[in-house]
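Reader: I'd like to go through this one label by label and hear what stands behind each word. Can you put it up first?

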Amino acid sequence: MATSGNGQPHTNGAISDSDALRRMYRITSDCGDPFEQKVGELLELGRDYLGVQAGFLTEISDGTQLIVEASGDHELLQSGESCPLSKAYCRKTIEKQDALTVQHAVLEGWENDTAYEAFGLESYIGAKVIVEGDVYGTFCFADEEPRDQPFTDQEETFVELMAEWVSYELFQKRASERIEQQRDQLEEFASVVSHDLRNPLGVVQGYIDIAEQTGDPEHFDRCRNALERMGTLIDDLLVLAREGR
């Protein structure tokens, strides 16, 4: 029987399918824990359930794979590590609709692949993470030793569910950041409007007071000029608001 990276016999994890799903639900439904902590707990759970050496979440951008979160002792599969996508198993994961699985890399034609040469992973399962229709990265598990059995349909579904949860959370995070940015822009816009309109309002008030005291029509003309300035400002601000600037 093959052994895993820690020297233990490599079989499927000791957690049943139903227990793994229950634990995944408890982790993802806890509103009090931050996203990064939940990802770490999911990676730990996945390693236990699948009986593998490493679990990791990647972000793929500009032809580079960056490991965002990781669990396990594989030297190259740690948070912050990066490599060209061309040297990663994940380059094939993002091309598939469903999860990519590798039971025994050498027997499945990976022996001369750049990813196998770089990482030496004999078994692998990964699903892509999609955010707003674009590939964000992958959610993966791997081991330096082959598996004695292929990944089951339940195991594939489990990894795909975790990848989908990550996709949803990242979408929510981006949406929240956009809302916060729009709120900041609205506050700035309101501040500009308040400042620019307060000046001509002050002028109007001042000249009305003088006009009431002196009866000089020239002061009323200056009030009209200030009101016209306010009207122009309002028109300009409405144009800016409609253009989203």
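Reader: What makes strand E1 (residues 54-61) largely enclosed by the rest of the structure?

Author: Keep in mind that this is a predicted model. Buried means under 20% relative accessible area. Six of the eight residues of E1 are buried, so the strand counts as largely enclosed.

Reader: And why are E1 and strand E2 (residues 64-72) called a pair?

Author: Two strands pair if DSSP finds at least two bridges between them. E1 and E2 have eight, in the antiparallel sense, so the label holds by that definition. For one spot to look at, take Thr58, which sits opposite Ile67 in E2.

Reader: How do you know whether Asp62 is buried or exposed?

Author: Exposed is over 50% relative accessible area. Asp62 comes out at 78%, so exposed is the word for it.

Reader: Where is Glu132, and what is its phi?

Author: Glu132 is in the loop between strand E5 (123-131) and E6. Phi there is near 55°, again positive in a residue other than glycine.

Reader: Why is Glu132 called partly exposed?

Author: Its relative accessible area is 42%.

Reader: On to helix H2 (residues 35-50): how do you know its length agrees with what a helix should span?

Author: Take 1.5 Å times one less than the number of residues. For the 16 residues of H2 that gives 22 Å, and the end C-alpha atoms are 22 Å apart, so the two agree. Just after H2, Gly51 takes a positive phi of about 70°.

Reader: Which residues of H2 are buried, and what do they pack against?

Author: Among them are Phe35, Val39, Leu42, Leu43 and Tyr49, and the list also includes Lys38 and Arg47. The buried residues of H2 pack against helix H1 (17-29), helix H5 (153-214) and the strands E1, E2, E5 and E6.

Terms used
Residues numbered from 1 in each chain as written. Predicted model: local features only at pLDDT ≥ 70, side-chain atom pairs only at ≥ 80, totals over all residues. Heavy atoms only, no water. Buried < 20%, exposed > 50% of the residue type's maximum accessible area, 1.4 Å probe, protein only. Helix = DSSP H or I, 4+ residues; strand = E, 2+ residues; numbered from the N terminus. Contact = heavy atoms within 4.5 Å.
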